[in-house]
Structure formats: structure tokens, C-alpha cells
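Good morning, everyone, and thank you for making time. I would like to walk you slowly through one structure, so please have the sequence and the model open as I talk.

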2 protein chains.
Amino acid sequence: MTLKVPVVRDILEANERLANDNRRVFRDAGLFVINLMSGPGAGKTSLLERTIDALRHEIRIGVIEGDIQSSYDAERIAKKGVQAVQLNTGGACHLDGNMIKSSLDALDLEALDLLVVENVGNLVCPAEFNVGEDMKAMILSVPEGDDKPLKYPLMFQQSRVLLINKIDLLPYVDCDVGTIRERALQLNANLEIFEISCRTGEGLEAWVNWLKQQVSDRKTEGDGAKT
Amino acid sequence: MTLKVPVVRDILEANERLANDNRRVFRDAGLFVINLMSGPGAGKTSLLERTIDALRHEIRIGVIEGDIQSSYDAERIAKKGVQAVQLNTGGACHLDGNMIKSSLDALDLEALDLLVVENVGNLVCPAEFNVGEDMKAMILSVPEGDDKPLKYPLMFQQSRVLLINKIDLLPYVDCDVGTIRERALQLNANLEIFEISCRTGEGLEAWVNWLKQQVSDRKTEGDGAKT
């Protein structure tokens, strides 16, 4: 085991260097970048569709879609008329700094205010790898159950935002949002939590307004740095 | 890259040797073993609870619960009065042959007919690692959406059984079971498919009867081998 630890550290350190390269590129372009994570089918792409619909006239949004294979999600996003790139990991269960670096040429970063990296659907490994983001955001959908913070703590610890999605299904599933909140805040007291339904639109206004503020704050910071 | 490929192969080959060791132990004990996989919150533990309730008087069932941390699921299963072991991976996103090998001492295998290994909730990596099972079974819950076979093909290809769970939610989600079936069978024409609801109990009888037959076939094979 003593032989293996340095190897793992090397992988994470090498990733961190590439993530930092990306971060510099994003800063230079004045971009706010979100690494969006969740288990499969929790609603990452639906959230992006809703967010684009709400903000397209105020914020220039681009999306990098990460999937093991298929270009299904990037096609959904491209239909919204924003810049979208599909990244296929070919088996890997998470995105990393190098994958994001290799996809940046496909985007016109100067023409964007907000870049969202939609990670591979997986509640485990994506949380271990930075890609150069300003913040990680995660979605937990209520059909997944309120025990998830107990079982997948790292993602809750690493995220700035928790979106509790599919609240329209609450009458039909055994899940208590109060329990999710309590368990998530125990892992990460600074977590910003939004209860939403991408299907009905409920709760999305609060999320969209908060996000708009983050992007605007980044712009102000960037302008400040230039003077 | 040429340097890395043999390393990956070594890991999978080393795992395969340990999985085969486990397989011999399971065969000697006359056990039928299922590796149960799904994304987070698709209903693996609920399916086990339902299956134990239905079969406890006919089949002696044991469960190995795999989670990154917590013993929540093993406690749920132990309440049903069957042998249950919790295995914590401490970060790893899947179970492997060695983890299962190390947990076998905690079970009385001779007192079991069926052992279910509940893998870590993850639609990606668990499908890459055999643990010595007779078959892999997967659950996809309808709130996850009918696009999942396109995006996570390996698990559908590796599984003998697909359980489509939470069909009671079909009126409230955008998911077409016919589309799941079609896409899954395109990846794996031999897939046995059951539509179930662990909440209402719908469809579980067909699954339970099929499972009972598999366990009984293994017993007959085992008795044949002994004579």
C-alpha cells in the first residue's frame, strides 16, 4: 500500500496543475465557470435548459457536456442556440482537467460570460477532480432518497450549491427534504440550497437570480483587476 | 499512453483472478450469487427488502452491502432477519473481487442459498469489475429517464437482468418504458426485463418467480456435480 499512495497523489497533483491552467484561461476571458455534478438522471441537462431559457438575454452561456458516450445532451443544449460541446470520456466515470483543456478550442470563450461543465452522471468520482471551475454545484433529485448525504458525503462537502430537484414528485416518493437539508448542512454548513422542479419550473427563479449575481460579481472583480 | 495500457490490464486481470477465487468458494457452497448494480437511489435496497419478504421461507438469502461509507443499508437489511454485511469502500466507486473476498469470513455461506452483492450506487464503474457472481442484475428507475442506455451502455451489456423500477411514477415523469426496452435490448438482446415498483409491489411476483427458478437451477446443477 505504501507504494500506491504516491501514485494516487501524482494523478491528483497532475490534474490540479491542468485545472489551474484552465482556471487562468477562464479568468483571462472573464468567465464564471460551474462544474455541475449529480447521479444519472437527476436533471443536470434539464436544469441547464431551464437556466438558459431564463438567462439567455442577459448572460452569454456555454456548455461542455461530459458523457461516457453519445452526443444526446449536447444536441439538447445546442437546440437552445447556445455554444455547446460534447466531450466523450470513452469509459471514464468523471471529467478531469485535461479533458476540459482539450475541449476549450471548440468554444469561443471571449463570447461567453458563464461556462457550465456538465460532468458525467455519477455521485462519486467527479467530486475528486477539479477542472478549473469557480464552483461546484450538485443536484440531488428527491426520488433518489434523503439518505444520499450519508452515503456520498464528498460531493456534498465539495459543492457550493445543492439543487434539490424534482420536488413535484414529493407526494409520490419516500423522501423528506428537511432530512436532506439537515444531513447536507451537517457535511457542509456553507451549502447554498435551492428546492426546484425543472418539470414545473417551481423554485427556479431563486436559483437563476442567485446565479446571475455570481456571474455579475465575477465581472465586477474582473473589471477591478484590470484597472 | 502505451505505458499505461498494460497497467490497466494488470488491474483487471488481478481482479479477475480474485473474482475466480470467490466463484470457486461460492460454487463449493452451492450458492447462487447476484451482483446488483444501479445509479444512486434507483432502489437496490428496496428491491432486496421486497425480495427477502417474498422468499425468506423458501430461500436462505444473504446480502453484502457496498457503500463508500455508512452502514445504513446493511442495517435496513439486517432488520429483515437475514445475514447482512456492510462493506465500506472508503472512497472507491465500485466493489471488486478483493473487497468481496475480504468480507466472506463475516458470512456463514453454508447457511445460504442466494447471496446478493449490492454494489456502490454508480451506473459506470461497477460494470467493469467482476466479483465472482453468477450474474449481474441492474436497476434503472424511471425518474432517471429513458436515455440512460445510450449514455451508460456497458452496464446494460454486462447485465443478465434489467429491473425497471418505480413504474408507479410513470404518470409524473418524462420517461417511456418502451424506449428503455428498445434501447436496452439493442445493447443486449438477451436481457431479461422486469417492470416493477418496489413501492406498490407491482410486477415483483414475476421477478421473484424468475429468481427462484435460477436459484433452484443452481441447486440442481450442484447436486448433479456431486453425484
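Predicted model: local features only at pLDDT ≥ 70, side-chain atom pairs only at ≥ 80, totals over all residues.

Let me begin with K151(A), which counts as buried at 5% relative accessibility, where buried means under 20% relative accessible area, exposed means over 50%, and partly exposed lies in between, with a 1.4 Å probe and protein chains only. The side chain of K151(A) meets that of D147(A) in a salt bridge, at 3.3 Å from N to O, and a salt bridge here is a side-chain nitrogen of Lys or Arg within 4 Å of a carboxyl oxygen of Asp or Glu. D147(A) is buried as well, with a relative accessible area of 7%.

Residues are numbered from 1 along each chain as its sequence is written, chains are lettered from A and ligands numbered from 1 in the order in which they are written, and side-chain values use heavy atoms, with hydrogens and water left out.

Now to the two chains together. How many residues of chain A are in contact with chain B? There are 34 residues of chain A in contact with 34 residues of chain B, contact meaning heavy atoms within 4.5 Å. The area buried between chain A and chain B is about 2,800 Å², and carbon and sulfur atoms give 57% of that area; buried area is the accessible area, with a 1.4 Å probe, that two parts lose on being put together, summed over both. Of the area that chain A buries against chain B, P40(A), K151(A) and Y172(A) supply 22%, more than any other three residues, so the lysine that I started with, K151(A), comes back here as one of these.

Turning to the polar side of this interface, the rule finds 10 residue pairs in polar contact across it, both residues being at pLDDT 80 or more. A polar contact is a pair of N or O atoms within 3.5 Å; within protein, one must be able to donate a hydrogen and the other to accept it, and residues adjacent in sequence count only if both atoms are side-chain atoms. On the side of chain A that touches chain B, α3 (72–78) and α5 (148–151) each supply at least two residues, and α5(A) gives the most, with 3 residues.

Consider the one in which the side chains of R199(A) and D174(B) meet at 3.1 Å, N to O. This pair crosses between chains, from the loop between β7 (192–195) and α8 (204–226) of chain A to the loop between β6 (161–165) and α7 (177–187) of chain B. R199(A) is partly exposed, with a relative accessible area of 41%, whereas D174(B) counts as exposed at 62% relative accessibility.

Over all chains, a search of the whole structure finds 38 salt bridges. One of them joins R24(A) and D21(A), at 2.8 Å from N to O; these two residues are 3 residues apart in helix α1 of chain A, and therefore separated by about one helical turn. R24(A) counts as exposed at 51% relative accessibility, and D21(A) as partly exposed at 25%.

Helix α1 (residues 4–28) of chain A also holds N15(A), which is buried with a relative accessible area of 5%. Not counting residues up to four places away in sequence, N15(A) touches D96(A), G97(A), N98(A), F129(A) and N130(A).

Let me finish in chain B, with R218(B), whose place is in helix α8 (residues 204–226). Is R218(B) buried or exposed? R218(B) is buried, with a relative accessible area of 9%, and, leaving aside its neighbours within four places in sequence, R218(B) is in contact with R27(B), G30(B), L31(B), F32(B) and D134(B).

Methods:
Helix = DSSP H or I, 4+ residues; strand = E, 2+ residues; numbered from the N terminus.
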